[in-house]
Amino acid sequence: MHNLTIAELAKGLRDKSFSSVELAQHFLGRIQRLDKTYNSYITITEDTALAQAKAADERLANNDDSPLCGIPIAHKDIFCTTGIRTSCGSKMLDNFLAPYDATVVENLATTGAVMLGKTNMDEFAMGSSNETSYYGPVKNPWSTDCVPGGSSGGSAAAVAARIAPGATATDTGGSIRQPASLCGLTGLKPTYGRVSRWGMIAFASSLDQAGTLTRTAEDSAIMLQAMASFDNKDSTCIDHAIPDYCASLNNDISGLKIGVPKEYFGEGLNPGTEQAVRAALEELEKLGASIKEVSLPHSHLAVPTYYVIAPAECSANLSRFDGARYGYRCESPKDLEDMYKRSRGEGFGDEVIRRILVGTYALSAGYYDAYYRKAQQTRRLIKQDFMDAFKEVDVIVGPTATSTAFGFGAKKDPVAMYMEDIYTIATNLAGLPGMSIPCGLVDQKPVGLQIIGQDWDEARMLNIAHQFQRATDFHQLAPQGIE
Amino acid sequence: MQWETVIGLEIHVQLATKSKLFSASSTTFGAEPNTQASAIDLAMPGTLPSPNEEAFRFATMFGLAINADINKHSVFERKNYFYPDLPKGYQTTQLAEPIVGAGIVTVQLEGGSTKDVRIHHAHLEEDAGKSLHEDFHGMSGIDLNRAGTPLIEVVTEPDMRNAEEAVAFAKKLHSLVTSLGICDGEMSQGSMRFDVNISVRPYGQEELGTRTETKNLNSFRFMEEAIEMEVERQIEVLESGGSIRQETRLYNGDTKQARSMRSKEESNDYRYFPCPDLLPVVLDDAYIERVRQQLPELPETKKQRYIEELGLSAYDADILSGDAATAQYFEATAKLSGQAKLAANWIMGDIAARLNQEEISISQSPISAEQLAGLIARIDDGTISSKIAKQVFESMWAGEGDADSIIESKGLKQVSDTGALEKMVDDVIANNQAQVDNYRSADEKKRPKMLGFFVGQIMKASKGQANPQAVNEILLKKLNDQ
């Protein structure tokens, strides 16, 4: 059962090959057996899963036609779940129970999806390797010596290890696409404003966006359909028509104009990765697309711009974690300042503290113009690069990450780690949708192909990805040793 | 040396919206601690602000009322600092692009002159909660009921030159926001709080002196006292060769003492930046026009109408139009009684005195506008004299019913019946022959004064109910033709 995609599981449920309860039990059993190795879950919600599965079976008996009804999924532990711990990968929230569901959680529950548990992640989504989690690193199912990527490393490892058919995730600078690339999955970060951020713990509000980690483009389409909604609880959520994402999956892509940014093939790109990406582009040409080189001249500014804006926003977003109302509070504080200093000093890990400090500095009197204001200006230039490119091409395609999964502790220098997202960060700064799909293996580790679309163009991106997956079988490859 | 005082004000005006600026929690004053605080107000992780449209409408109304520019594009920013009653660790406020731009408020001063106070801008922001330091045994309690309540902060130019002008401006602003209905004006509940920036400089000097800011004054009297005390302090410091430290100060109205709270060096770097959870607020001309159409009558217009249509003096009109509740009470009384002038006299006289005495507002008056109009009508139609009216007023204040029933039950009706009055006059003349003779032999000039004795006797005999005018006429007739 666990090798089936969401679309196939939905069919199986309706064919009565298995019930939702059996499905949930099967995945819960796999989690029990296998996740000691991967550490992809922080919390397993067995009772909720079985109750939801039972309810789903009743709906299915009444011919419910929602494709996610009865399908087990996992939620990144950044999404608040009523009465179930939402840790955000941090000691700070190890004891935190939200009295509300994130809109994403609510939307998926409404369609009848079954929650298996909450997945591991870099602390407060800050990291590209899942090594900053308070709950320990996640291992890449393709090579347990390697990281799964981050920050949505738990969601990615769980889907790659077939201990969740699909998972929610979030992407602030590449946190869906880079783990998708490193774990051989299909990852989709929608347009900023497509999916509500209500109940999703903020890292950098103007960049954060919820999306999906699945094995196929079709499964991404199914999940996005359920997650996307206009939500007046999130002022940055945009009331834009939601198309039927599955309806256009089989469209012919001949005539598609693909732009390949020359800046994404420069120094630092692993030759094996480049080869796989170039081969994938040839495959797309065979499907009728035309390839054109384009330029995104301000690409080199994306990482520095991001590492001003994201820390600046996070420095304010994380101020609420002060030990006063919920979350971690230090032992016997002697006064208010002591409570603040020790609660935050002890509750946050090093990477989170580093980013809060960087952001606080960037916003300080006398530095604001040089850093924050300048970063907002370069952000506009980066967006303009894409707008210019999209005058000539329909989508932009290139590598997702510079190389395949790396070993634990391989990127101890924070800046080296930050460069992991060199190809994904610009998309967040521009608010554009981005995807990563598997396009090959190098040394038995997956390589991801990135597709960047125009605003609201998720349907076309999913269509391209689906057509690519019909012509190739990279997405069907499974890691060794997952049973 | 002669010193000139320079005063600028920052006023926090709590908007009378039903719910908070970014959440659906109620803003009602006085609820049990933390019963009006939602997950958003508590800054629980993952929560996001949803702006309250009403707050924008109120801010726009204020801007239009002071003839200010309404900024069609305004931006919320985060003002970052740590304090337990500030749950997010930042206050959502406006800085670079506030909703209301520059405007002007004209203030009436005693003695009839006016003063223009320029408004620098007014911005929307959320209030903080409250820290309670008593009753927690060395710890502090936090009440977040107020956290997130919408405010407009009105910032003036340093245009005021003494406490009188500052207080007159403050009262004018109070009158404006209550008349607009955008603030309940309850200063004791913190609905309006004044921060006063004060500096002094030698007369004739252009450059401003170093200023101090006295924060959170919540009564006009405290404001006046605090200004006078601070001006005196600054002059003393400067005259004894010292210099003024830029600092934030607190004034305690109960103990009449002021103290320094923090100096500029200790002040925070607030690291303002645009709030990424909120989009810029964009208002269009049609919206602004719609709000303009719906503006209630402003105090200034009201005052003119009282003078021109109701014949009140400028002084009376100014006082009665100044406060929305008083204006409403006055208009209802004037309309029901048809006697604007009498209504004004009663409201500014007896009603005001009793309200003052019992420290209640006009909306709490035990005599309703309808009841007062009933009393005025009986004076007007001669049923009772002004003197008896005072007696009826006291009974009404004590809750004994309306004027008619009190006049009836106490038998206070004025006697105007000529037959009855003639009988009384005849009795008095018969019983006071000596005074009658004196009167009749006195010359014309002295007679009016001597008449008072007879009137007094008759009023006494009638227990004050005789119609004085009728009594006068009959007396004159009987005394003069012998």
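Guide: Happy to. Let us begin with a term: a residue is buried if 20 or more other C-beta atoms lie within 10 Å of its own, exposed if 12 or fewer, and partly exposed in between, with C-beta atoms placed from the backbone. By that count, 61% of the 483 residues of chain A are buried.

A word on the source: this is a predicted model, in which local features need pLDDT of at least 70 and side-chain atom pairs count only at pLDDT 80 or more, while totals for chains, interfaces and linings use all residues. Residues are numbered from 1 along each chain as its sequence is written, and chains are lettered from A and ligands numbered from 1 in the order in which they are written.

Chain A holds 15 helices and 11 strands; these are DSSP runs (helices H or I, at least four residues; strands E, at least two), numbered from the N terminus. Its radius of gyration is 21 Å, close to the 23 Å from the globule rule for 483 residues, so chain A is as compact as a globular protein of that length. That radius is taken over C-alpha atoms, and the rule is 2.2 Å times the number of residues to the power 0.38. The C-alpha trace of chain A spans about 65 × 50 × 45 Å along its principal axes.

Now to the interior itself. A nonpolar core is a set of buried Ala, Val, Leu, Ile, Met, Phe, Trp, Tyr and Cys residues joined through C-beta atoms within 7 Å. The largest one has 154 residues, and A:I73, A:V114 and A:L116 have the most contacts inside it. Helix α9 of chain A (residues 302-317) gives this core its largest share, 8 residues. Of the 16 residues in α9(A), 14 are buried, so the helix is mostly covered.

Two residues are in contact if their C-beta atoms, placed from the backbone, lie within 7 Å. Leaving aside neighbours within four places in sequence, A:I73 is in contact with residues including A:L108, A:V114, A:L116 and A:A164. Apart from this core lies another, of 52 residues, with B:A55, B:A65, B:I99 and B:V177 among them.
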